[in-house]
Amino acid sequence: VTEEPGPHRVEIRAFGSSPPGGQYRLRVEAPRRASARHRQSALAHQHFARAYQRFAAGLRDVEIESDYQGAIDLWTALGTAGRLGEAFLHLGRLQHQAGRLADAREQYRRAALQLGAGSLFESDAALEARREDPSAWNPAEKRMRALALGEYAFVDLEMGGVAGQAQRQDQGFDRLEHLEAVFEESIDLFERDGAYAMAARQWVSRGRLRQQAGLAAAALDSF
């Protein structure tokens, strides 16, 4: 969506540190009048891009959070789950770096909800179906879901994990079992994607979880 005529430059960046090589062809169809939905989507992308660029430049201010939230509000209204999940993931990182652990954990949880919705936060059947046919899942969303799950569990460990369960309002289910399942899926997704360094990071965090729970042998196995 553009308000100005003339030439435009399109920049495309792959997600991840080592994306596969390949050739791509862009096709521009005949211009058409933008609908209200198109304009909302464009505005959401503007909010997200502005926040992402400021964050990547090392800036940490309220404008970044405001822009991420603006993108989240618009993508929520549009029902764009994948982009919404990505925005929650980046907002979580911003809050994590600011030391707002409870807020960050909630954003990571919301990101995982949107990215391949199912599994731990909705339906186990959805995860099983995806594991049967992982090729049917958007690769970028798969990587981002793995990140969201891993960061969610990592922040939970920083907040005290199993040892701090009694001090939080998370009672009513087995925290150890829950985080074990979170790490299990994150590791599985990273390994399927060939991201073994990221999978190794999750194994280390899983070992810390098991240490907190007093499971020395299981922790050693994770390490």
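Student: Where do arginine 192 and aspartate 188 lie relative to one another?

Tutor: Both are in helix 7, four residues apart, which is about one turn of the helix. Helices here are DSSP runs of H or I with at least four residues, strands are E runs of at least two, and numbering starts at the N terminus. The model is a predicted one, where local features need pLDDT of at least 70 and side-chain atom pairs count only at pLDDT 80 or more, while totals for chains, interfaces and linings use all residues. Residues are numbered from 1 along each chain as its sequence is written, and side-chain values use heavy atoms, with hydrogens and water left out.

Student: What makes arginine 192 and aspartate 188 a salt bridge?

Tutor: The term asks for a side-chain nitrogen of Lys or Arg within 4 Å of a carboxyl oxygen of Asp or Glu. The closest N and O atoms of arginine 192 and aspartate 188 are 3.2 Å apart, so the pair meets the rule.

Student: Why is aspartate 188 called buried, and why is arginine 192 called partly exposed?

Tutor: Buried means under 20% relative accessible area, exposed means over 50%, and partly exposed is in between, using a 1.4 Å probe and protein chains only. Aspartate 188 has 18%, so it is buried. Arginine 192 has 42%, so it is partly exposed.

Student: Which residues do salt bridges with shared partners join into one network?

Tutor: That network consists of Glu180, Glu184, Arg206 and Arg210.

Student: What about aspartate 67 and arginine 50: what kind of contact do their side chains make?

Tutor: A salt bridge again, at 2.8 Å from N to O. This pair also links distant parts of the chain, with aspartate 67 in helix 2 (residues 62-78) and arginine 50 in helix 1 (residues 36-56), 17 residues apart. Aspartate 67 has 7% relative accessibility, so it counts as buried. Arginine 50 is at 40%, so it is partly exposed. By the salt-bridge rule the count comes to 17.

Student: How many aromatic pairs does a search of the whole structure find?

Tutor: It finds three. One of them is phenylalanine 48 with tyrosine 52, at 6.2 Å centre to centre and 20 degrees between the planes.

Student: Why is the pair of phenylalanine 48 and tyrosine 52 called stacked?

Tutor: Rings of Phe, Tyr and Trp (its six-membered ring) pair if their centres lie within 6.5 Å; planes under 30 degrees apart count as stacked, over 60 as edge-to-face and the rest as tilted. With 6.2 Å and 20 degrees, the two rings therefore pair and are stacked. Phenylalanine 48 and tyrosine 52 both lie in helix 1, four residues apart. Phenylalanine 48 has 7% relative accessible area, so it is buried, whereas tyrosine 52 has 40% and is partly exposed.

Student: What makes the pair of phenylalanine 48 and tryptophan 75 tilted?

Tutor: Their ring centres are 5.9 Å apart and their planes are at 55 degrees, so the pair is tilted. Phenylalanine 48 is in helix 1 and tryptophan 75 in helix 2, so the pair ties together parts 27 residues apart in sequence. Both residues are buried. Phe48, Tyr52, Tyr68 and Trp75 form one aromatic cluster.

Student: How do you know that arginine 83 lies over the face of phenylalanine 48?

Tutor: A charge sits over a ring if NZ of Lys or CZ of Arg is within 6 Å of the ring centre and within 35 degrees of the ring normal. Arginine 83 is at 5.4 Å from the ring centre of phenylalanine 48 and lies over its face. Likewise, the charged end of arginine 201 sits over the ring of phenylalanine 154, 4.9 Å from its centre.
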